[in-house]
Amino acid sequence: MQFFSGSSLTSVAPEATPAPAAPPGTATGANAQVLYVFNRNGVCLLYREWHRPLRTLDATQDQKLMFGLLYSLRSFTAKIDPTTAEKGNLGVPLLPGQGCSFYSFKTNTYKLNFMESPSGIKLILITHPRTGDQRDSLKHIYNLYVEYVVKNPLYAPGAPIKCELFNKHLDQMLWNVCVDT
Amino acid sequence: MNMALAAIYSLFIINKSGGLIYYKDYGSAGRMDTNDSLRLASLWHSMHAISQQLSPTHGCTGIDLLQAHNFDLHCFQSLTGTKFFVVCETGAPNMEILLKVIYELYTDFVLKNPFYEMEMPIRCELFDLNLSQVIQKDRVALLGR
């Protein structure tokens, strides 16, 4: 099922307007609300939103804030980890995979699912708070990223993602994310 | 009160400005000194606030649950802004109930204590005593399984 025509949909560079929302009545089936992809330097490679009634900040600020929050949360979880005795100091930059990392946090209005690849690519998926564990979905999204973005010879690493096939498969995949009651 | 709760690793209580007013470690390998616990408490306070700004819908009250690979962190914020959070094992059940019980103990033995100064570190014997009874009951329940 295709909701957007392939040629008119471009993924978002940080300063451009967000991707058009799905037509009314179709977005509610897909539980995924917002997706961010960052590289290890904090550049937002992709920002997609399917359902976001509230935007507190403009796009650039929002992305910077998100990256900053994740960076701090990783330092926090590495330091507060109760199963390891020897931990570095708070604020020391952590390599991907170093120290205990979190995979999700939940508030009363949303759930943030997080995955960091060994190369430092961070995937953030925001969903309904009662969604189940999304670690497999995030792995799947990462596989899509590898297939359609990294292997795309026209894609320059570190640049915003503008790959139609990636967007198409992403929409198809996230249509199936459901709320667990 | 009959509770079958899992053991927790540590408990933090933060005042409404983000300062740590109570920290107790219940036997984790990652026990921290005072300075580190103070820093982590302030960091949590800030991140709790930032998470509200990133919400896609209205009415967000901050992080309730943080799931990491080695532990879970449950947080409860009272109406006055005091935050209680526990670090526990992954998948530990009933932590929200435990936090509410701890909040009740806080109101009974800390807030009703006429010598306690608001927003200052908690040094109330009865609070410590009752808290260790509640947490001890957890450990007994865990060992009994």
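Reply: Asp36(B) forms a salt bridge with Lys79(A), and the closest N and O atoms are 3.2 Å apart; a salt bridge here is a side-chain nitrogen of Lys or Arg within 4 Å of a carboxyl oxygen of Asp or Glu. The pair crosses between chains, from helix 1 (residues 34-53) of chain B, which holds Asp36(B), to helix 1 of chain A, which holds Lys79(A). Helices (H or I, at least four residues) and strands (E, at least two) are DSSP runs, numbered from the N terminus.

This is a predicted model, in which local features need pLDDT of at least 70 and side-chain atom pairs count only at pLDDT 80 or more, while totals for chains, interfaces and linings use all residues; side-chain values use heavy atoms, with hydrogens and water left out. Residues are numbered from 1 along each chain as its sequence is written, and chains are lettered from A and ligands numbered from 1 in the order in which they are written.

Asp36(B) counts as buried at 12% relative accessibility, and Lys79(A) is buried with a relative accessible area of 7%. Buried means under 20% relative accessible area, exposed over 50%, and partly exposed in between (1.4 Å probe, protein chains only).

Between chain A and chain B the count is 1 salt bridge. Across the same interface, 15 residue pairs are in polar contact, with both residues at pLDDT 80 or more. A polar contact is a pair of N or O atoms within 3.5 Å; within protein, one must be able to donate a hydrogen and the other to accept it, and residues adjacent in sequence count only if both atoms are side-chain atoms.

On the side of chain A that touches chain B, the elements that give two or more residues are helix 1 (59-80) and strand 3 (102-107) of chain A. Helix 1 of chain A gives the most, with 10 residues. By class, this side has 18 nonpolar, 12 polar and 8 charged residues. Ala, Val, Leu, Ile, Met, Phe, Trp, Tyr, Cys and Pro count as nonpolar, Asp, Glu, Lys and Arg as charged, and the others, Gly among them, as polar.

The contact takes 38 residues from chain A and 36 residues from chain B, where contact means heavy atoms within 4.5 Å. About 3500 Å² is buried between the two chains, and carbon and sulfur atoms give 68% of that area. Buried area is the accessible area (1.4 Å probe) that two parts lose on being put together, summed over both. In chain A, Phe76(A), Ile80(A) and Pro82(A) lose the most area to chain B, together 19% of what that side buries.

For comparison, there are bridges within a chain. The structure holds 12 salt bridges over all chains. One of them joins Arg48(A) and Asp171(A), with the closest N and O atoms 3.2 Å apart. Arg48(A) lies in strand 2 (residues 44-49) of chain A and Asp171(A) in helix 3 (residues 164-174) of chain A, so this pair ties together parts that are 123 residues apart in sequence. Both Arg48(A) and Asp171(A) are buried. In chain B, Asp108(B) forms a salt bridge with Lys112(B), the closest N and O atoms being 3.1 Å apart. Asp108(B) is partly exposed at 34% relative accessibility, whereas Lys112(B) is exposed at 60%.
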